[in-house]
Amino acid sequence: MLRVVPSFDRIGDENAFAVLARAAALAAQGRDVVNLGIGQPDFPTPAHIVEAGIKALRDGHHGYTPAVGIPPLREAVARDIHRRHGVEVSPDAVMVVPGGKVTMFMAILMFGAPGAEILYPDPGFPIYRSMIEFTGATPVPVPIREDNGFAFSAEETLALLTERTRLLIVNSPANPTGGVTPKAEVDALVEGLAAHPGVAVLSDEIYGTMTYDGEAHVSLLAYPGIRDRLIYLDGASKTYAMTGWRLGWSVWPKPLHDAARKLAVNSFSCVNAATQWAGIAALDGPQDDVAAMVAAFDRRRRLVVEGLNRLPNVSCVTPKGAFYAFPNVARTGWKAKALATALLDEAGVAVIGGPDFGIHGEGYLRLSYANSAENIARALDRMRQFLSERAPG
């Protein structure tokens, strides 16, 4: 019998892909399924970005690139950061990677080991905890609470830091809750981190362009006091509807950048060349399509929150960012994962149970409103009928 190393017994999964596969299987059987489970925009990649990728292929960009990314793209990332956050970043600090997860993987590998502690948001993106456990480090959940608008609490976060803490992961705007942490809370976190100079910070800002109701996204890059230990994560998947292109980027402090480069050399070598040229078109080109997508998400956000709050025994705070709603279903009497399974199998609505995002996710579902208003309305009607007629169990 072949035996892999024990760390693979600890590695987790991302249930959104399992739900996507189950929904596809039901559709193949002729079932009508409305998918509010997967976290990807339902818009096509803007045409000028697609054309830039095609042009790169026609121009002969078929070979390896530098492991950290082509210089013009790293320069474009630096310009974008300056435009959006008012922060100067050297292109030499930028790393181009195949999607956002790679930056998580690298950062957690650098700081995760038996005896170390890594703090992560809970409920939060499931890959955080999965990779922490893979390294043998101790995962320490930072509760993300509904009564705080699903923003993180600086006081609660700082209280969890110990002499064993090596890495703190923060995410705003947040998956799965849609929470956006206000500037005062970020200020307090950064001020408190001054007493913990040995703790690195991974700031997942992949949804940074998607905020609503005048809420401003606050980037940790704007805080000079932690720049020497801050890893910034961003990418093209959500903002530019490029999930399948696999293009992300990160900014690393100088002592860690070369370690990240070596991990790239030893794993994926480089991001494919044509995608990188498309990324330049995304960042430097017109942003009208981005604005239109965010406006559409905003309209759908209002529709889904209003509809959820009309369901029997369901309540939903209004998300301030990303494209997710995180309704509280505890009063329905259902366990969240059992409800998600029943909604898919019996009502034809794909959602994700809150416990797939952490121990504090029980009592909640995640719905992605990256779907048409028509489909969202159909899904809400089905959920209303199901909850009105079907007893828990």
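This is a predicted model: local features need pLDDT of at least 70, side-chain atom pairs count only at pLDDT 80 or more; totals for chains, interfaces and linings use all residues.
The domain assignment divides the protein chain into domain 1, made of residues 6–44 and 288–387, and domain 2, made of residues 63–284. Their C-alpha centres are 25 Å apart. Domain 1 contributes 41 residues to the contact and domain 2 contributes 37 residues. About 3200 Å² is buried between domain 1 and domain 2, with carbon and sulfur atoms giving 60% of this area. Of the area that domain 1 buries against domain 2, 20% comes from Lys320, Phe357 and His360, more than from any other three residues.

Polar interactions between domain 1 and domain 2 comprise 21 residue pairs in polar contact, both residues being at pLDDT 80 or more. On the side of domain 1 that touches domain 2, helix H10 (288–308) and strand S9 (324–325) each supply at least two residues. The largest contribution to this side is that of H10, with seven residues. By residue class, the side of domain 1 that touches domain 2 holds 21 nonpolar, 11 polar and nine charged residues.

Four salt bridges are counted between domain 1 and domain 2, and the whole structure contains 25 salt bridges. Lys101 and Glu14 form a salt bridge in which the closest N and O atoms are 2.7 Å apart. A network of salt bridges links Asp213, Asp298, Arg301, Arg302 and Lys320.

Further salt bridges were examined individually. Glu117 and Arg164 are paired at 3.0 Å, N to O. This pair connects distant parts of the chain, 47 residues apart: Glu117 belongs to strand S3 (residues 117–122), and Arg164 to the loop between helix H6 (154–159) and strand S5 (165–171). Glu117 is buried, at 11% relative accessible area, whereas Arg164 is partly exposed, at 38%. In contrast to that pair, Lys183 and Asp187 are four residues apart, about one turn of the helix, and both lie in helix H7 (residues 183–193). Their side chains form a salt bridge of 3.1 Å, N to O, and Asp187 is partly exposed at 28% relative accessibility. A salt bridge of 2.6 Å, N to O, joins the side chains of Lys55 and Asp59; Asp59 is partly exposed, with 46% relative accessibility.

Asn371 is located in the loop between strand S12 (365–368) and helix H12 (373–389). Because its relative accessible area is 12%, under the 20% limit, Asn371 counts as buried. The side chains of Asn371 and Asn375 make a polar contact of 2.9 Å. Beyond neighbours within four places in sequence, Asn371 contacts Val34, Asn35, Leu36, Asp42, Arg300 and Ile376.

Note on methods. Residues are numbered from 1 along each chain as its sequence is written. Side-chain values use heavy atoms; hydrogens and water are left out. Domain bounds come from an automatic or database domain assignment. Contact means heavy atoms within 4.5 Å. Buried area is the accessible area (1.4 Å probe) that two parts lose on being put together, summed over both. A polar contact is a pair of N or O atoms within 3.5 Å; within protein, one must be able to donate a hydrogen and the other to accept it, and residues adjacent in sequence count only if both atoms are side-chain atoms. Ala, Val, Leu, Ile, Met, Phe, Trp, Tyr, Cys and Pro count as nonpolar, Asp, Glu, Lys and Arg as charged, and the others, Gly among them, as polar. Buried means under 20% relative accessible area, exposed over 50%, partly exposed in between (1.4 Å probe, protein chains only).
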